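This report describes one part of a protein structure for a reader new to it. Please view the sequence and the model below before reading on.

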Amino acid sequence: LSGYVGFGNLPSQVYKKSVSNGFEFTLMVVGASGLGKSTLINSLFLSDIYSELPQINEVNIPKTTTIESTRVHIVENEINLTLNLVDTPGFADCIDNSNCWEPILSYIHDMYEDYFENESKVHRTLFEDRRVHCCLYFISPNGRGLKDLDITFMKVLHDKVNLIPIIAKADTFSYDELVRYKRLLLQDIRANSIKIYDFSYKCTLIDDKDISLNNKFIERLPFGVVGSNRVIEVDGKLIHGREYPWGIIDINNIEHCDFSLLKDVLIRYHMQNLKDLIHTKLYERFRAHKLDGNLS
Ligand code: GDP
Ligand code: MG
């Protein structure tokens with residue numbers, strides 16, 4: 001099992017745009033505690049960090065208590081990618097959660113502020129873009145739909161970041177249950193006017209094959225993911241997965257869960273779109289507001 005992430009096989013039009021200057025991308029995870037946020041971040045991008053360790057037990061991830069940002073540099077097929085992975089503390093389910101989104105919101109705001117300051121300097125030098133380009137919102141696999149707190153949280157975030165909803169620990173469901181749960185969640189999302197990332201926005205995907213792939217992404221929303229930091233041997237092959245009395249889930253198998261679709265979305269097909277949308281719409285709104293404020 002290699003640490004290969006796969007963005008080196010970017011679709012050609014994205015490739016051309018990015019190969020010269022490299023990519024910088026920031027991904028944030030948000031949701032209640034215990035839903036597997038830290039595990040997913042590790043499964044997506046940091047697995048190679050652990051690959052030299054013997055993988056007997058799952059890497060034990062300490063409980064996240066502060067907003068933690070990790071920078072990872074990856075080079076594949078001569079493309080440089082700098083990833084900022086922003087892990088956030090989960091909020092609890094029963095104690096007072098009023099304003100528990102505030103630290104997360106101020107993090108997003110501070111990154112916009114930082115970018116704005118850099119951009120406004122008279123002598124601009126190269127600066128890091130740490131704006132949050134995508135936020136994965138983890139929904140509990142309770143089968144009952146969005147909680148009030150989920151609705152509030154997502155509505156606080158949806159004008160500030162590109163929001164992609166995720167069903168956490170999708171291994172809790174059978175295939176049919178997952179399909180039904182997705183339908184229920186989409187209804188809740190619509191009924192509450194929650195704006196999630198628009199997969200058809202200014203789509204750079206041009207040929208039919210890409211369009212049908214993009215439709216597959218849309219069909220599978222909200223993505224049901226399974227995370228794991230464990231490497232399991234199956235028929236002599238090493239896979240990233242989870243083991244159960246009834247069998248094994250290979251998190252990269254799209255018949256088992258949407259993990260690898262999500263990875264494709266983030267790394268290969270929508271990275272540039274997510275960044276464009278932040279720059280031209282969401283950051284632009286922040287900037288306009290800022291300039292307005294400075295004039296009055
Ligand atoms: P966080 O609080 O959201 O960061 O959650 P963690 O990543 O710390 O995970 C909490 C627990 O759930 C750990 O024991 C993980 O091993 C477990 N876990 C993480 N992802 C999954 C998953 O997809 N399925 C199952 N069944 N357990 C998971
Ligand atoms: Mg955590």
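Strand E5 is covered on both faces: Leu163, Pro165 and Ile167 on one side, and Ile164 and Ile166 on the other, are all buried, where buried means under 20% relative accessible area and exposed over 50%, with partly exposed in between (1.4 Å probe, protein chains only). Helices (H or I, at least four residues) and strands (E, at least two) are DSSP runs, numbered from the N terminus.

The model is predicted: local features need pLDDT of at least 70, side-chain atom pairs count only at pLDDT 80 or more, and totals for chains, interfaces and linings use all residues. Residues are numbered from 1 along each chain as its sequence is written, chains are lettered from A and ligands numbered from 1 in the order in which they are written, and side-chain values use heavy atoms, with hydrogens and water left out.

| Pair | Sense | Bridges | Facing residues |
|---|---|---|---|
| E5 and E6 | parallel | two bridges | Ile167 and Gly224 |

Helix H5 covers residues 175-191. Its buried residues are Leu178, Tyr181, Lys182, Leu185, Asp188 and Ile189. Seen down the axis of H5, these fall within an arc of 125 degrees (taken from the directions from the helix axis to the C-beta atoms), so they line one face of the helix. They pack against strands E4, E5 and E6, contact meaning heavy atoms within 4.5 Å. On the other side of H5, Arg180, Arg183, Arg190 and Ala191 are exposed.

Notes: The expected span of a helix is 1.5 Å times one less than its number of residues. Two strands pair if DSSP finds at least two bridges between them.
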